Amino acid sequence: MTVTEGYGVDGTEPGRERLRRWRLVLGGDAADGTGCALSGRDAAMDGALAALYGQGDKPQAGRTGRDRSAGLGASAPSVARWLGDIRTYFPSSVVQVMQRDAIDRLGLATLLLEPEMLEAVEADVHLVGTLLSLNKAMPQTTKETARAVVRKVVEDLEKRLATRTRATLTGALDRSARISRPRHHDIDWNRTIAANLKHYLPEYRTVVPERLIGYGRASRSVKKEVILCIDQSGSMAASVVYASVFGAVLASMRSISTRLVVFDTAVADLTDQLEDPVDVLFGTQLGGGTDINRALAYCQAQITRPAETVVVLISDLYEGGIRNEMLKRVAAMKASGVQFVTLLALSDEGTPAYDREHAAALAELGAPAFACTPDLFPEVMAAAIEKRPLPIPEAV
């Protein structure tokens, strides 16, 4: 049965449009069943799709859209033209997916070491992750272009995330710093009235509060200490990007002392680079093994005020170090009053592959592991600061 027979296409405009769409989806081999030929812009779109998703290896000139067996090959000019084509024919969100697939399916990562290629791509978090993984192999002539690409993505993320993060955490800090003898301008009147309703005097139609509740807003001292401990293995690339941006945002808040630690089998403290998340990102080294225990040992040694400290471990929990020691460190930190948060990922991609045995062991210690989107992260941090249950997504 052909698509024409199955859908009763009768030559009307809606029918022809339906055939056109099926033809683009099915790809044009003899078995597609549409009997529909493409021309002009449609043929060019099909060619761009075929170069990536077709079965062959070599591009073909003079395509008519009937044969979907082209490829991108290894030619930088042909890839650059293809990148320009997909930006012409498809929206930005689709372009980013196609670029990602091209890097994964066709091994085009090394072409990103050429400045002209970087200037042609649509920058996003995943591209940044790829560039960081290539950082050590990147020639000096490409590094400035790469930094410009990374900076654009980072600045876009900061614009999207910073305001809400600061507002959410400022409220959480104020609530966590509530005091019982506030100055007049620090009184939380809603909570004060609610706590003193039993002292309502009907004859005066007023509440006479016996206990004032307020915020310690006047204080400029550090109220909370946050340690972001980030797994920089290759699978965590997007999480490293987002965590670096959030680290810079947290570091800009006077009431939070922020430390950023990245690790594989070694540990690197990048706190002194937090003013510029681009410097943080280029200070990471994506790939390699994982030693969570060593990283947590370093973080544990930095804690001076356990009851006012939040440790955020961002890792897929595939531990290459000493498992039992890792769990003992988490238990010891929690027993001392540290708020411990375990994120399997900090990205838009959902829950990744992770070590379920380690996740279950952490949950038994009261540190459940879950994937977190960037939009949810401020709420997670606010809950940790206020020492209330974390907003764990139901899908976990």
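Predicted model: local features only at pLDDT ≥ 70, side-chain atom pairs only at ≥ 80, totals over all residues.
Let me give you the overview. The protein has 396 residues, and 47% of them are buried. Its secondary structure comes to 15 helices and eight strands. If you take the contacts with a separation of 6 or more, 70% of them are between residues 24 or more positions apart.

Now, the sheet. Please find the open sheet of six strands, where the order reads β5-β4-β3-β6-β7-β8 and the pairing is mixed. At the edges stand β5, residues 267-269, and β8; each has a single partner strand, so one side of each has no neighbour in the sheet. On average, neighbouring strands here are turned by 25° against each other, if you ignore direction.

If you want a spot to look at, V261 is opposite D269 in β5.

Further along we reach β6, residues 309-314, which pairs with β7 in the parallel sense over five bridges.

Look for A345, which stands opposite A371 in β8.

Speaking of cysteines, the structure holds zero disulfides. Take C229: this residue is in no disulfide, and the nearest cysteine sulfur, from C299, is 3.7 Å away. For a disulfide, the sulfur atoms would have to be within 2.5 Å. C229 is also buried, at 0% relative accessibility.

Next, aromatics. The count comes to one aromatic pair. In that pair, the ring centres of F246 and F377 are 4.5 Å apart and the planes are at 40°, so the pair is tilted. F246 belongs to helix α10, residues 237-251, and F377 to helix α15, residues 377-386, so the pair ties together parts 131 residues apart in sequence. Are these two buried or exposed? Both F246 and F377 are buried.

A couple of stops among the helices. Helix α7, residues 125-133, is mostly covered, with seven of its nine residues buried. Among those buried residues are V125, L127 and V128. Then there's T145, in helix α8, residues 140-176. T145 counts as buried at 17% relative accessibility. Leaving out residues up to four places away in sequence, T145 touches P115, L118 and E119.

Now for something about the backbone. Most residues other than glycine have a negative phi. Here are two residues that go the other way. L317 isn't a glycine, yet has a positive phi of about 70°. You'll find L317 in the loop between β6 and α13, and with a relative accessible area of 0%, L317 is buried. K387 isn't a glycine either, and has a positive phi of about 60°. K387 sits in the segment after α15 and counts as partly exposed, at 42% relative accessibility.

Last stop, also in the segment after α15: E394. Is E394 buried or exposed? At 83% relative accessibility, E394 counts as exposed. E394 and F370 are 24 residues apart in sequence, and their C-alpha atoms are 9.7 Å apart in space.

Technical notes. Residues numbered from 1 in each chain as written. Heavy atoms only, no water. Helix = DSSP H or I, 4+ residues; strand = E, 2+ residues; numbered from the N terminus. Buried < 20%, exposed > 50% of the residue type's maximum accessible area, 1.4 Å probe, protein only. Contact = heavy atoms within 4.5 Å. Pairing = 2+ DSSP bridges. Axes fitted to C-alpha atoms, helices over the stretch in contact; angles between N-to-C directions. Phe/Tyr/Trp six-rings, centres within 6.5 Å; stacked < 30°, edge-to-face > 60°.
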